[in-house]
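Subject: Structure handover

Hi,

Here is the structure for your next look. My notes follow below it.

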Amino acid sequence: MQLRSATLICSLLAAFGGNALAQSCPAGDGAPVTYPVSKKVDQQDSYFGTTIADPYRWLEDANSAETGAWVAAQNKLTQSYLGTIPERAAIKQRLTKLWNYERFTTPSKQGGRYFYSRNDGLQNQAVLYTVKKLTDEPRLLLDPNTLSTDGTVALAGTSISPNGKYLAYATSASGSDWNEWKVRDIESGKDLTDHIKWAKFSGASWTKDNTGFFYSRYDAPNEATKLADINYFQKLYFHKIGTPQSDDVLVFDRPDQKEWAFGGSVVSDDGNYLIITASQGTERKNRVFYKDLRQKNAKVVGLLEEFDASYSFIDNDGPVFFFKTDNKAPKSRVIAIDTRKPAPADWKEIVPQAAETLVAVNLINNQLVLDYLKDAQTQIKIVDLKGKLVREVALPGIGSAGGFAGKRGDTETFYSFTSFTTPATIYRYDMKSGKSTVYRQPKVDFDPNAFETRQQFFTSRDGTKVPMFIVSKKGMKLDGTNPTYLYGYGGFNISLTPSFSVANLAWVEMGGVYVMANLRGGGEYGEAWHQAGTKLNKQNVFDDFIGAAQWLVDNKVTSPSKLAIGGGSNGGLLVGAAMTQRPDLFAAAIPQVGVLDMLRFHKFTVGWGWVPDYGSSDDAEQFKALVKYSPLHNLKAGGCYPATMITTADHDDRVVPAHSFKFAAAAQAAQGGPAPVLIRIDSKAGHGAGKPTTKQIEEVADRWGFLSRSLKMTPVVAEPAKVAAQ
């Protein structure tokens with residue numbers, strides 16, 4: 001392949017047509033990076049009278065030899081560059097030591113058995129165990145590490161039959177969203193003949209008689225293009241144990257609604273009802289249907305068909321169904337609907353909307369366990385079935401708690417608690433006494449007392465108060481010299497809360513500051529907060545992120561020459577938009593598996609499902625908003641862009657790698673400054689879920705190594721800790 005120098009002249013033609021006046025860029029302090037040539041094609045599309053060039057359209061064909069050669073050349077360049085960073089080896093060594101600690105998931109109970117996963121430290125995949133008593137010696141049930149030689153086959157889902165006899169489990173290969181389900185006899189540890197293919201975004205919900213389970217799947221795709229082809233017409237099936245998939249019974253589909261999905265459908269704990277949730281893309285509004293499983297050939301009945309709000313099934317009291325909903329309550333409430341009198345006028349409110357955001361509800365011990373967020377921190381309250389407060393669960397500190405699963409008759413449950421400096425500790429909670437006891441507590445090679453976390457509110461461009469968490473070593477000096485990594489997401493009603501991360505711990509040990517911003521578009525303050533960062537309001541998200549960066553600079557936490565930004569998926573879009581809108585504010589940017597072409601995202605796999613958050617270029621008004629911030633379409637020739645390392649993976653069928661490929665080619669062509677623009681393309685990996693430990697360590701070592709050079713960090717590796725976290 002031919003090569004091209006990163007040094008650009010001021011009259012360089014813009015990557016997408018038209019001329020742009022180059023900025024006056026500073027001189028570099030090293031040899032310029034020479035990039036592989038990315039050819040341009042004469043591809044132009046018309047959007048409502050506006051012509052948009054797409055010269056790198058050829059990179060959308062991931063299977064072509066030409067794209068393969070481009071990928072190989074880009075990876076060679078990136079690895080060559082990273083290989084010259086002397087600190088990277090020490091960073092990887094420290095990451096490996098930190099990562100090597102025992103960790104568990106919260107146990108669940110079914111059929112008189114407990115089930116949980118454990119990773120002994122550096123295992124590529126966590127291993128599933130079972131015990132009959134918590135004090136028993138655990139018995140290995142399923143080790144995903146034996147399913148592949150390199151750890152790239154991951155456990156993607158599990159479901160235990162009510163009698164505790166069968167395990168239905170899903171696997172994913174190389175990080176793909178495509179899953180295959182199998183069934184294992186728990187007592188013998190052997191798989192049955194059952195084999196289900198082409199499931200995606202689906203659980204498995206067993207019938208009360210343990211004869212089979214409900215699941216959702218798509219029609220078989222084209223094998224050659226299955227990682228890019230668009231996914232429509234999901235269908236809900238019933239699979240009977242011991243039969244081939246070809247015999248599975250179609251339970252519900254909507255041939256008139258290609259975008260409807262049924263992956264969240266569940267059987268009620270009493271076994272009497274199949275609750276069918278029909279969602280449409282990532283929109284948090286959904287429809288609810290149900291089927292009476294006590295009646296042979298019962299029809300599916302529509303219960304909530306207005307598509308006006310989010311309805312999450314909690315449990316039922318006979319024909320009375322309990323839901324968490326944001327109907328007339330943007331921060332959510334709990335209601336009861338009698339299926340015999342389902343009109344909204346007959347709904348009963350059990351838990352009204354609170355000042356905090358209600359994110360999850362479970363029914364245990366005939367009580368409702370309410371999981372709230374207050375300024376992105378967890379609060380847990382327990383109320384009776386009339387909504388009267390029983391108690392608030394005392395958590396170990398400011399952080400995030402999760403779990404509290406179980407059945408209505410259970411008197412115990414389990415939860416995990418974590419913070420930026422607290423590894424996930426598992427607690428057993430007695431629902432009767434309200435007492436929490438430690439069940440599993442990891443030990444990590446660091447001293448938590450050496451670090452501090454504070455929450456800071458800042459003012460965004462339009463006056464909105466936005467919170468962020470700042471994590472650093474104690475005694476951080478506010479002199480503007482601290483290397484800082486600002487992370488965000490801001491989309492799809494997803495909340496960012498404090499959690500422990502070996503990767504981020506290593507960064508702070510290196511002398512860095514880690515900042516996590518709770519931007520609009522997320523779910524931290526309910527549906528109104530989410531909607532304030534969607535469609536025509538999406539610019540609010542970028543303004544919030546830029547506002548966080550500006551606060552950090554203004555208050556001398558850092559300076560533009562020491563500030564890096566990062567984020568993945570929708571967060572990759574965030575980084576791409578921020579670096580193209582305010583390139584002067586950042587020294588480095590790492591957009592990970594990002595949505596970067598906002599005009600064509602809906603044309604691949606499940607991208608159409610993001611339209612509720614982003615809008616669509618098929619709509620004239622939304623096109624104007626999208627093209628204004630689409631990272632791919634806002635690179636300016638000769639611009640002084642920060643040092644950039646784009647990351648993606650060859651099996652990412654959530655956000656197809658074409659986004660990153662095209663953005664990398666365009667950014668390399670546009671870069672007028674000395675900072676490198678690299679792309680790191682992982683193999684046998686996907687959007688992130690199920691990534692083996694070895695690959696995670698490699699990727700983080702590359703990220704912090706890249707930033708250590710870009711931010712001119714010294715020293716970059718912490719001394720070994722003197723005290724291990726207890």
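Gly 572 first: with 0% relative accessibility, under the 20% cut-off, this residue counts as buried. Please keep in mind that the model is predicted.

Gly 572 sits in helix α6, residues 570–581. Its C-alpha lies 4.2 Å from that of Pro 591, although 19 residues separate Gly 572 and Pro 591 in sequence. Pro 591 is also one of its contacts.

Next, helix α5. This helix covers residues 539–554, which makes 16 residues.

Just after the helix, Lys 556 takes a positive phi of about 60°. In the loop between α4 (527–531) and α5 comes Lys 535. Lys 535 is not a glycine, yet its phi is positive, at about 45°. Its relative accessible area is 31%, so Lys 535 counts as partly exposed.

Ala 376 also has a positive phi, about 70°, and is not a glycine either. This residue lies in the loop between β28 (367–374) and β29 (377–383). Is Ala 376 buried or exposed? Buried: its relative accessibility is 0%, and the cut-off is 20%.

Last, a helix pair. Two packed helices are described by the angle between their axes and the distance between the axes. Here the pair is α1 (residues 65–83) and α9 (residues 658–670). Their axes come within 12 Å and cross at roughly 60°. α1 and α9 are therefore oblique to each other. The crossing of α1 past α9 is left-handed.

Which residues meet in this pair? From α1 they are Thr 67, Trp 70, Val 71 and Gln 74. From α9 they are Phe 661, Ala 664, Ala 665 and Gln 668. The contact between α1 and α9 has five nonpolar residues, three polar ones and no charged ones.

Best wishes

Technical notes: Residues are numbered from 1 along each chain as its sequence is written. This is a predicted model: local features need pLDDT of at least 70, side-chain atom pairs count only at pLDDT 80 or more; totals for chains, interfaces and linings use all residues. Side-chain values use heavy atoms; hydrogens and water are left out. Helices (H or I, at least four residues) and strands (E, at least two) are DSSP runs, numbered from the N terminus. The expected span of a helix is 1.5 Å times one less than its number of residues. Axes are lines fitted to C-alpha atoms, for helices over the stretch in contact, and angles run from 0 to 180 degrees between N-to-C directions. Angles under 35 degrees count as roughly parallel, over 145 as roughly antiparallel, 65 to 115 as roughly perpendicular and the rest as oblique. A crossing is left-handed if the near helix is turned anticlockwise from the far one by less than a right angle, and right-handed if clockwise. Contact means heavy atoms within 4.5 Å. Ala, Val, Leu, Ile, Met, Phe, Trp, Tyr, Cys and Pro count as nonpolar, Asp, Glu, Lys and Arg as charged, and the others, Gly among them, as polar. Buried means under 20% relative accessible area, exposed over 50%, partly exposed in between (1.4 Å probe, protein chains only). Lists of a residue's contacts leave out its neighbours within four places in sequence.
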